[in-house]
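The sequence and structure come first.

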Amino acid sequence: MAGEKEKVCVTGAGGFAASWVVKLLLSQDYLVHGTIRQPGDSKYDHLNKLEKASENLKLFKADLLDYESLRSAFLGCSGVFHVASPVPITTVTNPEAEVLEPAVKGTLNVLKACLEANVKRVCCCVFYSCCCEEPKLAQ
Ligand SMILES: NC(=O)c1ccc[n+]([C@@H]2O[C@H](COP(=O)([O-])OP(=O)(O)OC[C@H]3O[C@@H](n4cnc5c(N)ncnc54)[C@H](OP(=O)(O)O)[C@@H]3O)[C@@H](O)[C@H]2O)c1
């Protein structure tokens with residue numbers, strides 16, 4: 001419909017990289033769906049302070065391993081920026097469960113949910129932490 005704002009979703013909206021994506025999208029007048037895991041946590045306060053957030057940002061509770069939560073967040077969106085990923089800052093005890101599963105299965109969930117929600121474009125911004133920062137995790 002002419003004049004209607006385009007809706008896009010950013011996964012892991014409260015994270016470092018994703019917050020900048022949210023800020024940019026809001027500044028470009030998009031309606032932004034942001035996924036977060038712990039609604040009400042003060043770690044997301046910065047999102048609500050972004051310009052145009054009060055009218056154009058909607059936060060959804062979603063986990064990468066919870067397919068339905070992702071699908072709900074993506075409904076009505078023409079694009080998804082997939083940025084959410086475990087980014088360990090200390091040594092992890094179970095890399096398979098703590099890093100690889102959310103990163104790999106989570107991304108597959110995102111792609112499948114995008115397909116089902118008729119999302120036209122997906123931008124995957126994840127993986128760097130699995131491939132580069134801790135190369136021994138994959139062993
Ligand atoms: N930072 C950089 O300069 C940079 C550069 C290149 C690439 N990247 C890549 O960008 C991605 C994010 O990095 P970052 O630095 O922004 O990390 P970050 O600040 O730790 O953010 C990670 C985000 O992922 C979310 N997340 C983690 N596990 C999740 C799960 N199971 N389900 C849903 N959300 C989950 C977290 O959500 P909650 O807070 O809601 O729990 C958090 O918002 C990584 O793949 C990283 O490799 C980052």
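Two residues count as in contact if their C-beta atoms, placed from the backbone, lie within 7 Å. A residue is called buried if 20 or more other C-beta atoms lie within 10 Å of its own.

## Overall fold

The model is predicted. The protein contains 6 helices and 5 strands, and from the N terminus on the elements follow the order β-α-β-α-α-β-α-β-α-β-α.

Of the 139 residues in the protein, 30% are buried. Among contacts with a separation of 6 or more, 70% are between residues 24 or more positions apart.

## The sheet

The 5 strands form an open sheet with parallel pairing, in the order β3-β2-β1-β4-β5. Its edge strands are β3 and β5 (residues 121-124), each of which pairs on one side only. Direction ignored, neighbouring strands of this sheet are turned by 20 degrees against each other on average.

Strand β1 runs parallel to β2, joined to it by 4 bridges; here Val8 stands opposite Val32 of β2. Strand β1 also pairs with β4, again in the parallel sense, over 3 bridges. In that pairing, Val10 has Phe81 of β4 as its bridge partner.

Phe81 in turn stands opposite Cys123 in β5, and β4 and β5 run parallel with 4 bridges between them. The chain passes from β4 through α5 to β5 in a right-handed β-α-β crossover.

## Helices on the sheet

Helix α1 (residues 16-27) lies across β1, β2, β3 and β4, and runs at about 165 degrees to β1. Helix α4 also packs on the sheet, where it touches β1, β2, β3 and β4; the direction of α4 makes about 165 degrees with that of β3.

## The buried side of α4

Which residues of helix α4 are buried? In this helix, which spans residues 67-74, they are Leu70, Ala73 and Phe74.

Just after α4, Gly76 adopts a positive phi of about 85 degrees.

Definitions and conventions:
Residues numbered from 1 in each chain as written. Predicted model: local features only at pLDDT ≥ 70, side-chain atom pairs only at ≥ 80, totals over all residues. Helix = DSSP H or I, 4+ residues; strand = E, 2+ residues; numbered from the N terminus. Buried ≥ 20, exposed ≤ 12 C-beta atoms within 10 Å, placed from the backbone. Pairing = 2+ DSSP bridges. Axes fitted to C-alpha atoms, helices over the stretch in contact; angles between N-to-C directions. Right-handed = clockwise from strand over helix to strand, strands pointing away.
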